[in-house]
Amino acid sequence: MSPATRRKFLAAPLVGAVLPRKVYAAQLAAAHGEVYRQLGVRPLINAAGTYTTLTGSVIHPRARQAMEEASRSFVPLLDLQRAAGERIARLLGVESAMVTAGAACGIMLATAACVTGKDPEKIRRIPDIRGLKNEVIVPKYQRNGFDHAARNVGVRLVEAETAEEVRRAINGNTAMLYWTHIFEYKGKIARREFLEIGKQAGIPVFNDAAAELPPAENLSRIVREGFDLVTFSGGKGLRGPQSSGLLLGRKDLIEAASLNNNPHGDAIGRVAKVGKEEILGLVAAVEVYIQRDHDADQKLWRGFMESISRDLKGVPTVRTEVYIPGPGGHPVPYLRVQWDTSRFSYEACARQLREGEPSIEVNASAQEGLSLASYNLFPGEERIVGWRLAGILKGALQA
Ligand SMILES: *Cc1c(COP(=O)(O)O)cnc(C)c1O
């Protein structure tokens with residue numbers, strides 16, 4: 001089945017509803033990701049979430065079309081970068097914007113901008129930052145692997161656990177205050193307080209908001225709260241190109257970040273090139289996202305989870321719950337599935353789902369059970385997930 005046929009097939013859940021499950025699943029499995037199968041790599045149904053290891057999200061058709069059109073001609077890249085940034089800034093009502101090679105690159109370019117400003121000599125020198133502002137203050141409990149992107153610039157991350165410790169850590173070498181939105185719930189420092197401290201000291205405050213979509217309002221709201229720079233992933237909720245991201249905020253800092261970016265040759269961002277296709281793809285994805293009916297998405301996704309839940313009715317000891325994760329999670333419907341694990345572990349179930357055909361990815365934890373994410377499923381795939389999961393659990397838990 002061609003990709004176009006598959007898309008039609010997936011867009012027609014009614015077809016799936018009248019076909020016997022097994023036939024439908026077999027058809028869909030055969031249609032699924034043919035181009036990957038030809039390389040000997042198994043594609044998968046994603047009921048896990050927007051994980052880079054599972055290739056994030058699937059690009060929106062309008063973004064895909066924009067990329068295809070962009071791929072047909074040449075253009076001066078600096079002009080395109082500037083125009084795309086201006087368009088995105090206007091759409092979101094923020095001062096300035098640029099397209100980066102993912103949110104991780106947004107973290108790196110934000111840090112570089114705060115260290116070098118627009119000084120060409122400093123831009124050439126980093127990550128050798130002797131004599132430059134070389135410290136970034138970060139809440140200790142927000143430390144995470146992505147802060148390597150900040151450390152690429154050569155800065156030292158100075159940890160603080162309370163607002164008072166943040167204040168005391170500030171000195172003449174402080175380049176930036178570094179916040180990670182999703183980890184606010186983990187500690188004592190309030191977002192407002194962190195911002196206030198930066199404002200008072202005249203030090204830029206950056207927010208890594210990579211996965212904070214939905215809600216769509218966050219695209220504007222977090223900058224308006226007063227953060228000087230904010231990054232979002234283009235390849236998660238936005239459904240833009242997987243290798244794209246947004247950096248939003250103050251005009252002077254976005255200009256400094258752009259000077260640290262490709263196509264400038266002797267700059268730290270030269271290793272993180274964003275092509276014309278990704279740039280136009282992300283502009284289109286932002287346009288689509290801010291016009292989208294997000295309530296309809298939530299309803300559709302909840303329906304997927306309820307459908308899977310119904311398929312598991314009556315399997316011995318199985319309990320299900322549709323829920324929206326709290327702080328530190330993603331505010332979209334998930335399904336939790338638990339059972340008597342003395343007979344069959346959650347990990348063993350996840351392995352069978354992964355190894356079967358089609359391959360299905362879910363989250364499994366010994367404490368929480370299985371948790372299935374709704375928002376990366378195509379219509380119709382929920383029926384396959386329900387059918388496969390019910391089959392595995394009946395086999396393991398009945399008799
Ligand atoms: C996903 C994520 C990133 C990285 O985003 P990319 O667009 O994949 O570079 C950074 N920070 C957080 C908190 C994330 O969730």
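A pocket, as the word is used here, is an open set of grid points with protein on both sides within 12 Å along at least five of seven lines, places where a 1.4 Å probe fits. Keep that in mind as you explore this predicted model.

**Stop 1**

Start with the second largest pocket, which has a volume of about 800 Å³. To find its middle, select Thr 50, Tyr 51, Ile 182, Ala 211 and Lys 236, the closest to the centre among the 34 residues that line this pocket. Which helix gives the largest share of the lining? Select residues 103-116: that is helix 7, and it supplies three lining residues.

**Stop 2: the ligand and its shell**

Around the ligand, select Thr 52, Gly 102, Ala 103, Ala 104, Phe 146, Asp 208, Ala 210, Ala 211, Ser 233 and Lys 236. This shell divides into five nonpolar, three polar and two charged residues.

**Stop 3**

Zoom in on the oxygen atoms of the ligand.

- Pick Ser 233: an N or O atom in its side chain is 2.6 Å from a ligand oxygen.
- Move to Lys 236, where a polar side-chain atom lies 2.7 Å from an oxygen of the ligand.
- Finish with Ala 103, and look at the backbone this time: a polar atom there is 2.8 Å from a ligand oxygen.

How much of the ligand does the protein bury? Taken alone, the ligand exposes 380 Å², and the protein buries 86% of that.

**Stop 4: two cis peptide bonds**

The peptide bond from Leu 213 to Pro 214 is cis, with omega near -10°. Pro 214 sits in the loop between strand 6 (205-208) and helix 12 (218-224).

Then jump to Asn 262 and Pro 263. Is the peptide bond from Asn 262 to Pro 263 cis or trans? This bond is cis, with omega near 10°. You will find Pro 263 in the loop between helix 13 (251-259) and helix 14 (276-291).

**Stop 5: a positive phi**

For the last stop, select Thr 55, in the loop between strand 1 (44-46) and helix 5 (61-70). Thr 55 is not a glycine, yet its phi is positive, at about 75°.

Terms used: Residues are numbered from 1 along each chain as its sequence is written. This is a predicted model: local features need pLDDT of at least 70, side-chain atom pairs count only at pLDDT 80 or more; totals for chains, interfaces and linings use all residues. Side-chain values use heavy atoms; hydrogens and water are left out. A residue is near a molecule or strand if one of its heavy atoms lies within 4 Å of it. A polar contact is a pair of N or O atoms within 3.5 Å; within protein, one must be able to donate a hydrogen and the other to accept it, and residues adjacent in sequence count only if both atoms are side-chain atoms. Accessible areas come from the Shrake-Rupley method with a 1.4 Å probe; for residues, only the protein chains shown count as cover. Ala, Val, Leu, Ile, Met, Phe, Trp, Tyr, Cys and Pro count as nonpolar, Asp, Glu, Lys and Arg as charged, and the others, Gly among them, as polar. On a 1 Å grid over the protein atoms alone, a cavity is a set of points where a 1.4 Å probe fits but cannot get out, and a pocket is an open set with protein on both sides within 12 Å along at least five of seven lines; lining residues have an atom within 4 Å of a point. Grid points are joined across faces, edges and corners, and a volume is the space filled by probe spheres set on the points. Helices (H or I, at least four residues) and strands (E, at least two) are DSSP runs, numbered from the N terminus.
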